Amino acid sequence: LVQPSPAGTSIGFVPDRPEPPIEGGADALLAKLERGGAFDPALDGAAVAGACRYVAGRFDCSDFRLQSMIRILYLHAEKLDAPTRRLMEETLLGFSYWMDQGPPNSMCYWSENHQVLFAAAEYLAGRLLPDAVFTVDGKTGAGHAARARERLLAWFALRWRYGFSEWYSNTYYVEDIAP
């Protein structure tokens, strides 16, 4: 994705994927914790740290990675060590949940699945941390939750009225239903 520089005199590059690739994610940890497994700070902490670096870099599909992280914080936070929990919360507080928040980035916000993924993540992060100040824009979690609630209601109203544009995609069905 090409973006104008802040000075407007040249064109800069915003990468859509990190180089080198960032390893790790929260999906396997979520599955492990859901099955009753124990958190391993060395193994699982490194995987979560990779997911947090990816999300903090605002690379495309960061909104996909947020869903498992948020579910872990809601359902299994007490099983995490303090540094991992703090890193996940700081990642949520600094994230750009919509295109008008934070610096230019390569995230796709406008397609049907991304709209609901971003809104659900913002809503749940705001509800989880209602009094915390989100560093991306200085608003509280409660403010983010209220804003995201409106976006979610609009998204649901559009789906009810017009249906799904990505419904027949086996990939996006999961992305639309998960949030």
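In this predicted model, residues 24 or more positions apart account for 63% of the contacts in the protein chain with a separation of 6 or more. The chain has 179 residues, and 42% of them are buried. The points below go from the whole chain to one helix, then to one residue of that helix, and finally to the cysteines.

**The chain as a whole**

- The secondary structure of the protein chain consists of 7 helices and 2 strands, and their order along the sequence is β-β-α-α-α-α-α-α-α.
- The accessible surface of the protein chain is about 9,700 Å², and carbon and sulfur atoms contribute 59% of that surface.

**Helix H6**

- The buried residues of H6 are Gly141, His144, Ala145, Ala148, Arg151, Leu152, Trp155 and Arg159.
- After H6 comes Gly163, which has a positive phi, near 85°.

**Ala145, a residue of H6**

- Ala145 lies in helix H6, and its relative accessible area of 7% is under the 20% limit, so Ala145 counts as buried.
- Although Ala145 and Leu124 are 21 residues apart in sequence, their C-alpha atoms are 6.9 Å apart in space.
- When neighbours within four places in sequence are left aside, the residues in contact with Ala145 are Glu122, Tyr123, Gly126 and Arg127.

**The cysteines**

- A disulfide is a covalent bond between the sulfur atoms of two cysteines.
- A search of the whole structure finds 0 disulfides.
- Cys61 is in no disulfide, and the nearest cysteine sulfur, which belongs to Cys108, is 7.8 Å away, whereas a disulfide would need the two sulfur atoms to be within 2.5 Å.
- Cys61 has a relative accessibility of 17%, and because buried means under 20%, Cys61 counts as buried.
- Cys52 is buried as well, with a relative accessible area of 2%.

Notes:
Residues are numbered from 1 along each chain as its sequence is written. This is a predicted model: local features need pLDDT of at least 70, side-chain atom pairs count only at pLDDT 80 or more; totals for chains, interfaces and linings use all residues. Side-chain values use heavy atoms; hydrogens and water are left out. Helices (H or I, at least four residues) and strands (E, at least two) are DSSP runs, numbered from the N terminus. Buried means under 20% relative accessible area, exposed over 50%, partly exposed in between (1.4 Å probe, protein chains only). Contact means heavy atoms within 4.5 Å. Accessible areas come from the Shrake-Rupley method with a 1.4 Å probe; for residues, only the protein chains shown count as cover.
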